Amino acid sequence: SSPAGKKQQQAGQAAGTGASAPGSEGSVEICYDKSGRAKCGAEKCGMPICKGMVRVAVYAQTSADSRFQGVVPRWHHVRCFFSQEVVEQHDLFDLSVDQLHGHADLTDADRQIVDKLLERTRKRTGTKRKCDGDGSGGGGSSSSSASASKRTKEEEPPVDPALQRQLRRQTDKLWKLRDALRPNLSVCKQMLEANGLSNGGGESAVLDRCADAMLFGVVAAACEVCGEQKWVVADDGYTCRGNVSAFTPCIHVVQQLVRTPFVVPREVKEKVPGSWLAKFTCEPRERVFPLPRGAVAARASGVTAGKPLSNDKVFCLALGSADAAEAAALVVGMGGKVSARYGNGVTVVVTQVAEVSRRSAALMEAVGAGRPAVALDWLRAC
């Protein structure tokens, strides 16, 4: 059918399910990225969405001071879209599969992943509402809330009181810096660029990056895994947002990095003479983190400690019998499962370096569906 006919059909289906019409304010669309030009709308991310990856958008009205007036899509990575930040920002607590326009056009494997994320989001928001007293169960809700709170406290590791005081002082300094920098966001971006740091992302991301560099120093070390220098602050350390290969994102986490003093450029000092920025000096120091290294990524994905592939199903592509047996043993040892055929909920593809260089049709199909492809050597090095 024609695009117009397809849109009309989708609008009719939306009306039947109570969902917003495609492209209208509040509607949600999911599809494969066609160009690679879009950036994730989550404030804590702001990274580009790779071509061929699944992306999700919520349509929202532009602000009054925007050059374009109307309803536009705010695109996100799939996992970023189902984060608590985005769900709360766009009030998506009651989002259902019927409201995801384009859901039926995804592959079976991608639909399964999206459905699991959606279900996890609904369970999380349902628990939150019960804890907030929104449930209708009276005493039952209180009991559930108390038991959930008890489980959370039992699972959290004890924190050293001295570390808590250190973290509190560190947080106070960071927020004072953020508050002082907030009125001069353009100056923040100028200073970040002058110090060789990225000045992209939303206001919160820019302020976080600038405050971190000014208080602790500029990170001067490249990632030892991927060789790139794309560090993002998390609760358990600095997470690398680089790429191990053309198809595999880096997830290396480190808590201490080599730093150099943050320098306020002369242009900024001349632009705001007499301000505290004109007299600012930086002495590099170590940043303190509340959680063990790698704890955030493991907790967010539900990965078991010491089992990095515990949530993954792996498919071996173009491997000989000996290499395939070795890969299977490595995957199982890391908590993963091996799939005999591609497409049955596969989340990772393992292949040879030569296959990656050759860019075979089977490999490009996997990459186009948003699945990372790694070489067997990468598994051996883990």
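Which residue in S8 is the bridge partner of Tyr238? It is Val254. Before going further, please keep in mind that this is a predicted model.

That pair belongs to the contact between strand S7, residues 237-240, and S8, where two bridges join the strands and the direction is antiparallel. Taken as a whole, the sheet here is open and has three strands, in the order S6-S7-S8, with antiparallel pairing. Its edge strands are S6, residues 231-234, and S8, residues 253-254, each of which pairs on one side only.

Next, strand S2, residues 54-61. Seven of its eight residues are buried, so S2 is largely enclosed by the rest of the structure.

What does S2 pair with? Strand S1, residues 28-32, runs antiparallel to S2 and is joined to it by five bridges. Within that pairing, Ile30 has Val56 of S2 as its bridge partner. S2 also pairs with strand S3, residues 71-77, again in the antiparallel sense, over seven bridges. An example there is Gln61, whose bridge partner in S3 is Val71.

Last, the charge. Which residues gather in a patch of positive charge on the surface? They are Arg165, Arg168, Arg169, Lys173 and Arg285. Of these, Arg169 is found in helix H6, which covers residues 161-181.

That is what I have for today.

How values were computed. Residues numbered from 1 in each chain as written. Predicted model: local features only at pLDDT ≥ 70, side-chain atom pairs only at ≥ 80, totals over all residues. Heavy atoms only, no water. Patch = residues over 30% accessible without salt bridge, like charges linked within 9 Å, V, L, I, M, F, W, Y side chains within 5 Å. Areas by Shrake-Rupley, 256 points an atom, 1.4 Å probe, with all protein chains shown as cover. Salt bridge = Lys/Arg side-chain N within 4 Å of Asp/Glu carboxyl O. Lys, Arg positive; Asp, Glu negative; His and termini not counted. Charge placed at Lys NZ, Arg CZ, Asp CG, Glu CD. Helix = DSSP H or I, 4+ residues; strand = E, 2+ residues; numbered from the N terminus. Buried < 20%, exposed > 50% of the residue type's maximum accessible area, 1.4 Å probe, protein only. Pairing = 2+ DSSP bridges.
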